[in-house]
Amino acid sequence: MLLFLKINILHNKCNFILDYLDTFIVFYIFVRQNENLLFFTNINQMMRVNQLLGMGACFAMLALAGCMDKDVYDPGKDPTVLKPESEYFDFTTTTNVAFEVNYGEIGSNALIEIFTEDPISYNETGSFVIQGEPVYKIFADAKGRFVGDVELPTAAKVVYVFSPTWGVPMCVEADVENGKVTVNETDATSRAAAATRAKSELRLVTVNNAQKVYSLVEIDNSYGGVEDINELIEKGKLSNKFISNVQKALWKGKTTKPSNLDNSNYVRNTEHVNTTIAKAYQNEQGQTVTVEDAELFFTFLTESGWYQNVVGYYYYKTDECPATPDGVKKIVIFPNASIAGNVPYLNWGDKVPGGATNYGSKNAPLETNRKVQLLFQDEQGKLSMKFPAGYTIGYFIIADGFKCGSYGRKGSIDTDKSFVYSNEEWNKNYQGQRARFISLSAEGGTVVYGVEDGGDSSYKDLLFCIDTNPNEAIQDPDRPVIDPDEPEVSETENTYLSFAYEDIWPSGGDYDLNDVIIEYHRSITFNKDNYVSEVKETYEPVQRDDAATNRNAFAVQYATDQRGEIVLPSGAVDETQTNSIILFPNAMDVRNQKFVITRTFAAGAMKKDALKVGNSVLNPYIIVNYEGVGKDNRTEVHLPKSKATSLANSDQIGKEADTYYVNKDGKHPFAISIPGTFTPVTETVIIDKEYPDFEKWVESDGKEYTDWYKNYQKPAN
């Protein structure tokens, strides 16, 4: 019986069991045929031998049965049945991360840009440039929030949430923790009014009596946080629409700062820059309204300078302007007009130009949209919350005039530093210019002021607004006007990927993943409501000239609702049966040529978060030995766990070495998507050899060595 089983075992790999059976069968037959001749001293010895033979037979049958369960070919078993898809690593190099960003209402429709590396680089003058490309862009909603998934490289452990929109933090560093990123900038206590005390009477703080420098507030800490001794500071009411209009005016209609920004066209003489409280004005009905006095309010908007500037005001009778600043009392509003995200209040770890100290973003003394009521002091020294008509109010900064305290001591104002005035005739001529303030009339009668503390003409180093009650008392028809219409803005997000394919499928190959390599660039244009108007995608085959001998076509399949109005490059074919675009029939014939697909969408038709590069909406694949559009039973190679089209040869799927476009051993994919560009490996060299971290990445199921594709090791000659 045992001999019969052995003869009929097919495809048995258990050689050890067969060797054992050979020996056991020979021994078993010998004992049974010669037991009468064997010498047993007693019956117990013979029974012991029979027991051992029985145990050996049982062991043989059990071992054989176990071996047959695992390895013996079963003609009744379906050879296409695969292990569940979930048991295979998917070889993805990106992952969806849940983001929650909240700027509060001041960040209404703020542009949010997500970087995986710190995008801000400062030069020696303190100005900064934005480097690199964000991996994601989106506009916040009307309440300044963004909640949604962002596709990030799995290697990203820290992100930088950047916004060029005034009024919100410029750059916030955040950790990626448990698949989530949270940025909440609404719960910070006001650093402008760090402490208050009950008001008994209005008073000024003396800074330098000889220079007639005083202050509305007391310095409360090392960094210029203030004690609001007169209870004059509150949260401002500037809307994001207002801030966007100001930004549009000063940035020439752009959502990001233009290079070589020049706003000198807004320069006017002192009369049209300063704030003059008229003695009368005409109302909308044409009636003359007499003004006796007016309340004056200063609202800090933002700053982008390197200096820790002191900002303040002064006043004089309109028809008695002093010849020099010695003739006015100068009153400080904020001793340090610095906000988080600008030098020297950066994220911890950021380097400050010139080796200066980084005080940390959390210690920034001021935040945007802080409103202060200004005080007037008459000739008898009495303070009032109202300015008499017939007075002109001017403004000043002390450039880099705040000195941080050390070892916990309070900071101070250095009045020996240079004063810069809105009365241009009081300023020194610096690089050919004396006018350092500009003013613009805005919606609702608000006047916007821009200050230049350096040598260029951007006039955006410090920005603030002035309002009065009544606002009609300070209107000047010769002052430049900001367009009150909300700016029409659009943004463009760029994505860069590489798709690499192995064309010896499903039999398995050399896994060099270089037979077809496509560099992919997607550009999405969208509006402030995050509706997409255009998607432009560029596909460029960049594989080596010795990469493949097969005729490999490249195609991309779009989800039905993702196509829009589509424009194809010359030679591309729209294969309607599969909803695919066949871009070219042979990748080797078109190496380093670019193929652009443009998709346009009607207004309000396509939300940006619906456009992803995931398998569900974009399915890039190759067709091996392509025979033409619409040919059935073709060989398609897709990214792992993607679905083949209806024209693919279904008999190949799951056969030979394939399982879900992954090798059955789970160690190599037949195709892969990689962030950015990808250096091809040498022909016929397995990818593990030139990317030594690849194998470790796979063994960890993608949890470790997530940036394996950055560690390319060129083979020795």
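Tutor: Contact here means that heavy atoms lie within 4.5 Å. The model is a predicted one, and the residue to begin with is phenylalanine 146, which lies in strand E6, spanning residues 145–153. Leaving aside its neighbours within four places in sequence, phenylalanine 146 is in contact with Phe99, Glu100, Val101, Ile112, Tyr136 and Ile138. The C-alpha atom of phenylalanine 146 is separated by 6.6 Å from that of asparagine 102, although the two residues are 44 residues apart along the chain. Because buried means under 20% relative accessible area, phenylalanine 146, at 9%, counts as buried.

Glutamate 575 and arginine 634 meet through their side chains in a salt bridge of 2.8 Å, N to O. This pair links distant parts of the chain, since glutamate 575 is in strand E38 (residues 573–575) and arginine 634 is in the loop between strand E41 (618–624) and E42, 59 residues apart. Glutamate 575 is buried at 0% relative accessibility, and arginine 634 is also buried, with a relative accessible area of 7%.

Another salt bridge joins glutamate 85 and lysine 643, with the closest N and O atoms 3.9 Å apart. These two residues are 558 residues apart and again link distant parts of the chain. Here glutamate 85 is partly exposed, with a relative accessible area of 29%, whereas lysine 643, at 58%, counts as exposed.

Terms used: Residues are numbered from 1 along each chain as its sequence is written. This is a predicted model: local features need pLDDT of at least 70, side-chain atom pairs count only at pLDDT 80 or more; totals for chains, interfaces and linings use all residues. Side-chain values use heavy atoms; hydrogens and water are left out. Helices (H or I, at least four residues) and strands (E, at least two) are DSSP runs, numbered from the N terminus. Buried means under 20% relative accessible area, exposed over 50%, partly exposed in between (1.4 Å probe, protein chains only). A salt bridge is a side-chain nitrogen of Lys or Arg within 4 Å of a carboxyl oxygen of Asp or Glu.
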